[in-house]
Amino acid sequence: PGPLRNGREIAFHTGTTENNQTLLRNLIAFYVVTEGIFFYVGFTQILAMGRRGKMTGTSEQFQYILRDESMHVNFGIDVINQIKIENPAVWTDQFQQEIIAMIKEGVQIEYEYAKDTMPRGILGLNADMFDEYLKYIANRRAQQLGLNEIYDNISNPFPWMSEMMDLKKEKNFFETR
């Protein structure tokens, strides 16, 4: 028997275009949407406070989390792109449109979170800024997958976030307070 879940054999296998697309879709949902788009509103909110000298300990911990999330995203996108190379039949125009729709839905869900957590704005941040930021991130994720940018005329309203993602790698959690 193959791998078991709750005492039952898992029947999923790759090897067909349809099953390979199912695997790829799930990897993209996890690595690109969940790890690569979700959480960025919360990261930015906390890190913005840290930049103002507020919640500095929490902000520093979020920097470590963001660094790890960035590594997860890059690893996942490498896996996704390798699967595409080894199985070019999966990357059809129709499948690409499905992936774009999934990314757009992820952006909308995270934007709703921004509106819920900042109904009137806070510390110079507001939900509209996050609408643009999330679209900027989505464009970057799309490009990493080999797709065209999804949104036109988008720039990064938080360029300082790029610096946060490049937290010095030699800095160690256990060496700070």
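Phe158 is buried, and Trp160 is buried as well, where buried stands for under 20% relative accessible area, exposed for over 50% and partly exposed for what lies in between (1.4 Å probe, protein chains only). This is a predicted model, in which local features need pLDDT of at least 70, side-chain atom pairs count only at pLDDT 80 or more, and totals for chains, interfaces and linings use all residues. Residues are numbered from 1 along each chain as its sequence is written, and side-chain values use heavy atoms, with hydrogens and water left out.

**Aromatic residues**

Phe158 and Trp160 belong to one aromatic cluster together with Phe130, Tyr133 and Tyr136. Rings of Phe, Tyr and Trp (for Trp, its six-membered ring) are paired if their centres lie within 6.5 Å, and planes under 30 degrees apart count as stacked, those over 60 as edge-to-face and the rest as tilted. By this rule the count comes to 10 aromatic pairs. Two of the pairs are set out in the table, each with its centre distance and plane angle.

| Pair | Distance of centres | Angle of planes | Class |
|---|---|---|---|
| Tyr133 and Tyr136 | 6.4 Å | 15 degrees | stacked |
| Phe158 and Trp160 | 5.9 Å | 65 degrees | edge-to-face |

Tyr133 and Tyr136 are three residues apart in helix H5, and are therefore separated by about one helical turn. Tyr133 is buried, with a relative accessible area of 1%, whereas Tyr136 counts as partly exposed at 21% relative accessibility.

**Overall architecture**

The secondary structure of the protein chain comes to six helices and two strands, taken as DSSP runs numbered from the N terminus, with helices (H or I) of at least four residues and strands (E) of at least two. Along the sequence, these elements follow the pattern β-β-α-α-α-α-α-α. The C-alpha atoms of the protein chain fill a box of roughly 55 × 40 × 30 Å along the principal axes, and 40% of the 177 residues count as buried. With contact meaning heavy atoms within 4.5 Å, residues 24 or more positions apart account for 72% of the contacts in the protein chain that have a separation of 6 or more.

**The nonpolar core**

A nonpolar core is a set of buried Ala, Val, Leu, Ile, Met, Phe, Trp, Tyr and Cys residues joined through side-chain atoms within 4.5 Å. The largest nonpolar core has 44 residues, and those with the most contacts inside it are Ile28, Ile99, Ile103, Leu145 and Met161. Helices H1 (17-34), H2 (40-51), H3 (56-86), H4 (93-117), H5 (127-144) and H6 (160-165) each supply at least two residues of this core, and H4 gives the most to it, with eight residues. When its neighbours within four places in sequence are left aside, Ile103 is in contact with Val32, Val33, Ile37, Ala138, Leu145 and Ile150.

Ser59 lies in helix H3 and, at 2% relative accessibility, counts as buried. Apart from neighbours within four places in sequence, the contacts of Ser59 are with Ile46, Leu47 and Gly50. Lys54, in contrast, lies in the loop between H2 and H3 and counts as partly exposed at 49% relative accessibility. The C-alpha atoms of Lys54 and Glu86 are separated by 48 Å, these two residues being 32 residues apart along the chain.
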